[in-house]
Every structure is written in C-alpha cells, then in structure tokens.
Amino acid sequence: QVQVVESGGGLVEAGGSLRLTCAASGSFFSINAMGWYRQGPGKQRELVATISSSGTTTYVDSVKGRFTISKDNAKTAVALQMNSLKPDDTAVYYCNADVYRENVGDVVFRYWGQGTQVTVSS
C-alpha cells in the first residue's frame with residue numbers, strides 16, 4: 001500500500017502565490033519520479049511538472065518561469081511553488097509518485113493523490 005497525499009490548495013487572486021505539497025509513504029523500495037498533473041473545468045488533464053530522483057525537472061510551457069517543483073532530501077516528498085497565478089491555472093492538482101516496489105527489475109507503479117483544488121480569481 002502506497003499513499004500519496006497533497007495539500008496546500010486554495011483560493012487566490014490573480015498574481016498571487018500558492019505552495020502545494022505532496023508526500024508519498026507506505027511500502028515501496030524507491031521512488032523513480034514524482035510530479036503534478038492538473039485538470040481544469042472543461043479541460044483535459046495535463047502534466048504540469050515532474051522531478052526525478054536525481055533532481056531533473058520538467059515543466060509544461062505555460063508554467064515555465066512561474067512554477068517551481070522541488071523535492072525533499074529523502075526524495076519522498078515534493079512541493080510545487082506557484083507564483084504569478086493566472087485564472088487559467090484554476091484546476092484540481094494531482095500529485096503522483098512513480099515507485100519501484102522491490103529492488104528487482106524495472107517495473108514502476110504509479111500512485112495518485114486525491115487532488116487539491118486551486119482556484120485563481122480574475
């Protein structure tokens with residue numbers, strides 16, 4: 001059993017900031033990567049940002065320069081610092097953790113958090 005829990009969502013005015021956090025816990029050998037997806041009203045789910053165990057990051061173009069993903073030293077938690085928020089950032093944000101459940105082979109399992117609502121007013 002692996003648990004992924006997000007927090008930090010809320011209501012903010014355009015131009016404001018929020019910090020989302022996510023922690024993975026449970027039974028697994030190691031985490032390959034963690035990331036954030038979001039799904040806004042009437043929109044498709046999209047990948048927002050990822051960070052690998054080595055610290056390599058990726059971002060969707062629309063958030064580059066505004067969002068920053070980071071990890072803790074244990075590599076089991078991530079944060080998403082969101083600055084200069086826009087109404088188009090309004091969405092439910094989902095954290096995921098891609099984990100190895102044992103120290104054999106290369107099979108990775110993806111676990112999802114429950115989501116946290118981010119609402120940006122105009």
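Student: Is Ile31 buried or exposed?
Tutor: Before the answer, note that this is a predicted model, in which local features need pLDDT of at least 70 and side-chain atom pairs count only at pLDDT 80 or more, while totals for chains, interfaces and linings use all residues. Residues are numbered from 1 along each chain as its sequence is written, and side-chain values use heavy atoms, with hydrogens and water left out. Buried means under 20% relative accessible area, exposed over 50%, and partly exposed in between, with a 1.4 Å probe and protein chains only. Because its relative accessibility is 9%, Ile31 counts as buried.

Student: In which strand is Ile31 placed, and which residues does Ile31 contact beyond its neighbours within four places in sequence?
Tutor: Strands (E, at least two residues) and helices (H or I, at least four) are DSSP runs, numbered from the N terminus, and Ile31 has its place in strand β4, residues 30-39. Contact means heavy atoms within 4.5 Å. With neighbours within four places set aside, the residues in contact with Ile31 are Ala24, Ser53, Lys75, Thr76, Asp98 and Val99.

Student: What distance separates the C-alpha atoms of Ile31 and Phe109?
Tutor: Along the chain, Ile31 and Phe109 are 78 residues apart.

Student: Which strand gives the most to the lining of the largest cavity?
Tutor: On a 1 Å grid over the protein atoms alone, a cavity is a set of points where a 1.4 Å probe fits but cannot get out, and lining residues have an atom within 4 Å of a point. Grid points are joined across faces, edges and corners, and a volume is the space filled by probe spheres set on the points; the structure holds one cavity of 30 Å³ or more, and the largest cavity has a volume of about 50 Å³. Its lining includes Ile31, Met34, Ile51 and Lys75, and both β4 and β5 (46-52) supply at least two lining residues each. The strand that gives the most, with four residues, is β4.

Student: Is Lys75 buried, partly exposed or exposed?
Tutor: Lys75 lies in the loop between β7 and β8, and its phi is positive, about 65°, although Lys75 is not a glycine. Because its relative accessible area is 36%, Lys75 is partly exposed.

Student: How many bridges join β7 and β8?
Tutor: Two strands pair if DSSP finds at least two bridges between them. The strands β7 (67-71) and β8 (residues 77-82) form a hairpin with five residues between them, and the bridge partner of Ile69 in β8 is Leu80. The pairing of β7 and β8 is antiparallel, and the number of bridges is five.

Student: Where does Ser84 lie, and how exposed is Ser84?
Tutor: Ser84 is not a glycine, yet it has a positive phi of about 50°. Its place is in the loop between β8 and β9 (91-100). Because its relative accessibility is 40%, Ser84 counts as partly exposed.

Student: What is the relative accessible area of Leu20?
Tutor: Leu20 has its place in strand β3, and its contacts, not counting residues up to four places away in sequence, include Ser7, Trp36, Leu80, Tyr93 and Val118. Leu20 is called buried because its relative accessible area is 0%.

Student: Which residue in β3 stands opposite Ser7?
Tutor: Strand β1 (residues 2-7) has a covered face of Val2, Val4 and Glu6, whereas Ser7 belongs to the uncovered face with Gln3 and Val5. The strands β1 and β3 (residues 18-26) pair in the antiparallel sense over six bridges. In β3, the residue opposite Ser7 is Thr21.

Student: Which residue lies over the face of Phe109?
Tutor: A charge sits over a ring if NZ of Lys or CZ of Arg is within 6 Å of the ring centre and within 35 degrees of the ring normal. One such case is Arg45, which lies over the face of Tyr37 at 5.6 Å from the ring centre. Over the face of Phe109, at 3.6 Å from the ring centre, lies Arg101.

Terms used:
On a 1 Å grid over the protein atoms alone, a cavity is a set of points where a 1.4 Å probe fits but cannot get out, and a pocket is an open set with protein on both sides within 12 Å along at least five of seven lines; lining residues have an atom within 4 Å of a point.
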